[in-house]
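Please look over the sequence and the model first.

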Amino acid sequence: MRTSLLLVVLTLIAVSACASQATPCAALDPTLIHCPTPQAPRVTELKDGQVVVQLTVRPDGSVADAHVVSSSGHTAWKDTVLGTVQHWRYKPSGHGATKVVPFDFTVGG
């Protein structure tokens with residue numbers, strides 16, 4: 001029987017009543033405009049974990065580089081997160097930036 005997986009992305013800021021009208025990306029970071037959610041890897045021994053990544057954001061808002069700062073749980077989470085954040089987009093700022101983003105994963109069934 002296949003175990004259903006539930007991903008929970010740790011938000012970086014508290015969501016207020018005003019933020020409920022904002023995009024889910026803006027709840028993570030007000031400058032984030034496109035943020036696909038990492039999909040659970042297909043690993044039978046998958047367990048809860050956390051991955052913290054550091055992103056280098058280009059002046060145009062695209063992600064230039066991402067690397068893992070820390071991780072726990074199954075190592076497959078790292079590859080999933082790194083593959084996903086490469087598709088994230090931030091609002092263009094005219095200058096580069098560095099962002100640290102934590103992801104918490106919970107396996108439920």
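Strands β3 (residues 49-57) and β4 (residues 63-72) pair in the antiparallel sense, with eight bridges. Strands here are DSSP runs of E, at least two residues long, and helices are runs of H or I of at least four, both numbered from the N terminus. Two strands pair if DSSP finds at least two bridges between them. The model is predicted, so local features need pLDDT of at least 70 and side-chain atom pairs count only at pLDDT 80 or more, while totals for chains, interfaces and linings use all residues. Residues are numbered from 1 along each chain as its sequence is written, and side-chain values use heavy atoms, without hydrogens or water.

The two strands β3 and β4 make a hairpin, with five residues between them. Gly-61 sits in the turn and has a positive phi of about 95°. Leu-55 has Ala-66 as its bridge partner in β4.

**The core**

Leu-55 returns in the largest nonpolar core, which has 19 residues. A nonpolar core is a set of buried Ala, Val, Leu, Ile, Met, Phe, Trp, Tyr and Cys residues joined through side-chain atoms within 4.5 Å. Buried means under 20% relative accessible area, exposed means over 50%, and partly exposed lies in between (1.4 Å probe, protein chains only). Which residues touch the most other members of this core? They are Leu-55, Trp-88, Tyr-90 and Phe-103. Two or more residues each come from α1 (24-28), β3, β4, α2 and β6. Strand β3 gives the largest share, four residues. In soluble globular proteins, nonpolar side chains tend to be buried together.

**Aromatic pairs**

The structure holds three aromatic pairs. Rings of Phe, Tyr and Trp (its six-membered ring) pair if their centres lie within 6.5 Å; planes under 30 degrees apart count as stacked, over 60 as edge-to-face and the rest as tilted. Two of the stacked pairs are tabulated here.

| Pair | Centre to centre | Angle between planes |
|---|---|---|
| Trp-77 and Phe-105 | 4.0 Å | 10° |
| Phe-103 and Phe-105 | 6.2 Å | 5° |

Trp-77 lies in helix α2 (residues 76-85) and Phe-105 in strand β6 (residues 97-106), so their pair ties together parts that are 28 residues apart in sequence. Both Trp-77 and Phe-105 are buried. Phe-105 has 2% relative accessibility, and Phe-103 is buried with 1% relative accessible area. Trp-77, Trp-88, Phe-103 and Phe-105 form one aromatic cluster.

**Lys-99 and Asp-29**

Strand β6 also holds Lys-99. What does the side chain of Lys-99 make a polar contact with? The partner is the side chain of Asp-29, at 3.1 Å. A polar contact is a pair of N or O atoms within 3.5 Å; within protein, one must be able to donate a hydrogen and the other to accept it, and residues adjacent in sequence count only if both atoms are side-chain atoms. Asp-29 lies in the loop between α1 and β2 and is buried, with a relative accessible area of 11%. Neighbours within four places in sequence aside, Asp-29 is in contact (heavy atoms within 4.5 Å) with Tyr-90 and Lys-99.

**The disulfide**

There is one disulfide, a pair of cysteine sulfur atoms within 2.5 Å. Cys-25 is joined to Cys-35, with 2.1 Å from S to S. The link is left-handed, at -105° about the S-S bond. Cys-25 lies in helix α1 and Cys-35 in the loop between β2 (32-34) and β3, so the pair ties together parts 10 residues apart in sequence. Cys-25 is buried at 8% relative accessible area, and Cys-35 is buried at 14%.
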